[in-house]
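Thank you all for making the time this morning. I would like to walk through one model with you, going element by element, and I will ask you to keep the view open while I talk.

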Amino acid sequence: MSTASKPVGIGIVGAGVISEIYLKNLSTMFAHMKVIGVADVLPERAEARAREFGLKAMTVDELLAHPEIELVVNLTIPAAHAEIAFRALEAGKSIYNEKPLAIEREDGRRILELAKEKGLRAGSSPDTFLGGGLQMVRKLLDEGVIGAPVAVNAALRNHGMEHWHPDPFFFFQPGAGPLFDVGVYYVTALTSLLGPFSKVAAMARASFPERTITNGPKNGEKVPVTTPTHIVSAIEFESGVIGTLTASFDVWETDYATLVIYGEKGTIRCPDPNMFGGPIYLLLKDETKWHEIPVELPNTENSRGLGAADLARAIRDGGPSRVDGELGYHVLDVMHAVLESAERGEDVAVESRVERPAPMDATAALSRSDLDHALRLKTTERLERAAESIYRDVKKMVKEKTSHHD
Amino acid sequence: MTTRPTGIGVIGAGFISGIYLTNLTTRWEHVRVVGIADLVPERAQARAAEFGIAALTIAELLAHPGIDIVLNLTIPAAHADVCEQVIAAGKSVYTEKPLALSRDQGRHVLDAAHERGLQVGCAPDTFLGAGLQTVRRLLDEGIVGEPVAFRARMTTHGHESWHPDPAFYYQPGAGPMLDMGPYYITAIVALLGPVRRVSAMARATWPQRTITSQPKYGELIEVNTPSHIEANLELESGVPGTLMTSFDLWDTEHCSFVIYGSEGSIRLPDPNTFGGPIRVLKAGESTWADVPLDHGYATNSRGIGIADMAKSMQVGEPIRASGALGLHALDVMLATLDSAEQGRHIAIASTVERPASLGPVSPEDVAPTHTMTYRGETLG
């Protein structure tokens with residue numbers, strides 16, 4: 001087997017809750033990568049996960065020194081993202097960070113610079129935009145089904161985690177809050193669909209200076225709030241599209257994940273960008289009824305790891321990765337700009353720019369390298385045919401509407 | 001105490017005068033419409049005949065000793081001038097929204113009235129309807145706790161597909177913010193208090209629009225004001241919110257208006273209407289419950305603002321749909337456009353007291369009637 005077709009060796013750092021779905025997916029979905037070992041600051045946690053998935057438990061040092069590991073998937077807490085990334089890159093490994101890429105812009109920039117300097121790859125989550133749901137939205141946009149995008153309504157609204165999460169302190173501190181913790185999915189999805197942001201104008205506050213835990217062993221404990229928990233921002237994209245982004249842990253709402261893209265010829269209600277699947281609804285100009293658009297593209301289940309898989313593919317074929325650190329950095333830049341705008345009471349220009357990542361290939365999501373044969377993604381010609389027939393129907397609807405009205 | 005009914009004179013006999021006259025001539029005994037004037041005498045005569053009132057010239061109306069308040073239903077560009085003429089003639093004035101096209105004009109009207117001891121009232125008065133007054137009660141009773149945030153969205157695709165002469169909607173002084181913003185901002189201020197700061201972005205998606213209604217089908221409209229505005233509003237209480245007004249979007253939900261509180265949320269009715277529906281989500285629950293309206297004036301009650309003004313002047317209390325409220329709403333609307341154009345957050349210079357709630361209104365007031373119970377006092 002040539003080096004070019006050898007599976008990319010993966011080391012997992014961080015054996016917490018999220019590692020389960022990553023390990024499940026990375027060890028079963030993708031033949032072009034092979035998980036070698038798992039490490040954690042708590043050795044018992046690493047050992048438990050290692051046993052569960054038939055892997056080797058390692059210390060972080062052992063993992064970073066392991067010759068077969070080429071890509072480190074960093075599932076530590078956000079505050080540790082940058083440090084583990086630096087150590088991995090220094091050790092000659094590429095890095096894929098759970099979101100966010102880093103907490104501070106400066107760390108994010110250094111991760112990208114170090115990777116470039118070493119000829120390695122750096123990428124980050126979220127990768128939900130590679131799922132079938134948001135890829136279907138991408139396809140609708142690129143096909144021009146709603147014409148040029150005009151405006152965006154993005155709003156995540158809930159009442160925080162203290163009534164269900166056993167240990168919610170983290171969510172109410174800098175580096176988390178509704179924007180960094182959940183808004184990151186919205187900002188990433190919007191960038192991947194509409195291109196980079198150019199300006200934000202925000203207001204924010206912590207409506208409640210402390211929260212009370214109402215579940216689990218810490219029931220009744222107070223959680224100090226040290227970051228804004230209700231954030232509203234006007235947003236502008238380089239394309240001229242404007243919109244609003246709301247991120248709140250302070251409100252009671254049943255419509256908790258809103259992402260709507262308005263276009264010249266219609267409107268798309270996108271799925272929850274924290275998920276990989278649908279539903280997607282389409283309203284065409286002058287119509288009064290929303291059509292549900294079936295999502296017949298792959299990766300609609302919880303496919304966390306898809307981004308790491310794309311990065312591994314890029315490591316082998318040398319092409320760009322869809323989850324490149326430039327995207328993660330832009331998202332980090334936008335989130336900081338929003339908080340700065342609110343704090344300073346002024347509009348803030350977003351300095352960084354990034355290209356929209358390439359859409360997933362409907363039939364060969366990760367197949368541009370010589371690993372095609374080994375891919376086990378559920379992508380078939382049948383799915384592409386189904387997708388094509390939906391586009392035809394939608395285009396027909398649009399054509400009928402426009403010929404009737406123009 | 002017996003007070004003679006307040007005499008009202010109407011300037012402007014256009015479309016909107018119909019509902020005002022219907023209500024003012026039938027629903028309240030403490031006001032009496034004396035006459036109507038218009039630049040086009042035939043229009044005034046037609047309305048006068050329809051409602052059994054006098055057709056007057058503007059000069060006659062301004063000189064009429066039986067008229068205490070002039071109802072100004074002229075076009076927006078004439079509002080401030082007409083208000084000043086009325087005040088110069090020694091009468092109080094109630095004007096359709098907006099109070100003026102500029103802050104200076106608006107302030108000038110209020111100052112002139114103040115100097116002469118006269119009153120200025122300003123539409124909209126939908127916040128005195130059953131829907132928003134019921135919301136006011138829910139807030140005052142703390143049904144959803146302390147206000148935390150609000151979100152208001154007015155989503156349309158403009159008016160060129162139905163309005164016979166829609167060009168004015170896309171000119172400065174209109175656009176979705178100045179046309180519809182008054183309803184939303186007045187409701188927000190009436191319910192949650194004044195606005196302290198705004199930041200906004202705006203665009204005109206199409207530089208030209210095509211009329212698809214009759215009789216001007218196919219004509220082009222030059223768009224000279226933003227037709228899509230995304231604004232953040234911070235209230236003096238610290239409560240933040242968003243207000244989006246658009247003529248550029250395709251959507252089926254044309255009004256979305258929510259007040260979030262510490263103990264629940266209220267979905268408000270369209271603030272361009274007097275009725276419901278109102279829905280409440282209590283903390284921790286997953287379904288919204290309908291709340292019945294418990295105030296009067298659920299139907300189109302345009303005119304309640306001037307009726308309240310007349311009553312307040314009779315009893316010497318502050319008027320609710322006041323010129324100060326109208327000036328503040330104008331200030332906030334213009335600030336959103338300035339903010340978008342200048343790319344900066346803008347502090348709002350004007351402020352206003354939250355108008356008093358209308359208080360409980362007796363059930364018979366829900367239907368048009370000649371008897372009115374008002375703040376516990378039976379009139380007529």
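Helix 9 of chain B, residues 323-342, lies across strand 8, strand 11 and strand 17 of chain B, and its direction makes an angle of about 50° with strand 8 of chain B. Please keep in mind throughout that what you see is a predicted model.

The sheet under discussion is an open one in chain B, built from nine strands in the order 16-15-14-13-7-12-11-8-17, with mixed pairing. Strand 16 (289-291) and strand 17 (346-347) of chain B stand at the edges, and because each has a single partner strand, one side of each is left without a neighbour in the sheet. Helix 7 of chain B, residues 175-192, also packs on this sheet, where it touches strand 7, strand 8, strand 11, strand 12 and strand 13 of chain B, and its direction makes about 160° with that of strand 7 of chain B. In which sense do strand 7 and strand 12 of chain B pair, parallel or antiparallel? They pair in the parallel sense, over six bridges, and Arg151(B) stands opposite Thr242(B) in strand 12 of chain B.

Let me turn to chain A, which has 10 helices and 17 strands. Of its 406 residues, 56% count as buried, and among the contacts in chain A between residues at least 6 apart in sequence, 71% join residues that are at least 24 apart.

Strand 8 of chain A pairs with strand 11 of chain A in the antiparallel sense over eight bridges, and in strand 11 of chain A the bridge partner of Phe197(A) is Phe237(A). Strand 8 of chain A is also joined by two bridges to strand 17 of chain A, residues 348-349, again running antiparallel, with Lys199(A) opposite Ala349(A) in strand 17 of chain A.

Next, a pair of helices in each chain. In chain A, the axes of helix 4 (residues 78-90) and helix 5 (residues 105-118) come within 10 Å and cross at roughly 10°, and these two helices of chain A are therefore roughly parallel to each other. Ala82(A), Ala85(A), Phe86(A) and Leu89(A) in helix 4 of chain A meet a set of residues in helix 5 of chain A that includes Ile111(A), Leu114(A) and Ala115(A). By class, this contact in chain A has seven nonpolar, no polar and two charged residues.

In chain B, helix 4 (residues 79-88) and helix 5 (residues 103-116) pack at an angle of about 10°, with their axes 10 Å apart, and they are therefore roughly parallel to each other. Here the contact divides into six nonpolar, two polar and two charged residues.

Now the interface. How many residues does each chain bring to the contact? Chain A gives 32 residues and chain B gives 31 residues. On the side of chain A that touches chain B, strand 7, strand 8, strand 11, strand 12 and strand 14 of chain A each supply at least two residues, and strand 12 of chain A gives the most, with five residues. That side of chain A has, by class, 13 nonpolar, 12 polar and seven charged residues.

A few backbone details deserve a second look. Most residues other than glycine have a negative phi, and most peptide bonds are trans. The peptide bond between Lys97(B) and Pro98(B) is cis, with omega about -10°, and Pro98(B) is found in the loop between strand 5 and helix 5 of chain B. The bond from Gln214(B) to Pro215(B) is likewise cis, with omega near 5°. Tyr297(B) has a positive phi of about 65° although it is not a glycine, and with 28 C-beta neighbours inside 10 Å, Tyr297(B) counts as buried. Asp286(A) has a positive phi near 70°, but Asp286(A) is partly exposed, with 15 other C-beta atoms within 10 Å.

Finally, a word on confidence. The mean pLDDT of chain A is 90, and 88% of its residues reach 70 or more, yet pLDDT stays under 50 over residues 363-383 of chain A and over residues 402-406 of chain A. Where pLDDT is low, the predicted coordinates should not be read in detail.

Terms used:
Residues numbered from 1 in each chain as written. Chains lettered and ligands numbered in written order. Predicted model: local features only at pLDDT ≥ 70, side-chain atom pairs only at ≥ 80, totals over all residues. Contact = placed C-beta atoms within 7 Å. Helix = DSSP H or I, 4+ residues; strand = E, 2+ residues; numbered from the N terminus. Nonpolar A, V, L, I, M, F, W, Y, C, P; charged D, E, K, R; others polar. Axes fitted to C-alpha atoms, helices over the stretch in contact; angles between N-to-C directions. Parallel < 35°, antiparallel > 145°, perpendicular 65-115°, else oblique. Pairing = 2+ DSSP bridges. Buried ≥ 20, exposed ≤ 12 C-beta atoms within 10 Å, placed from the backbone. pLDDT = per-residue confidence, 0-100.
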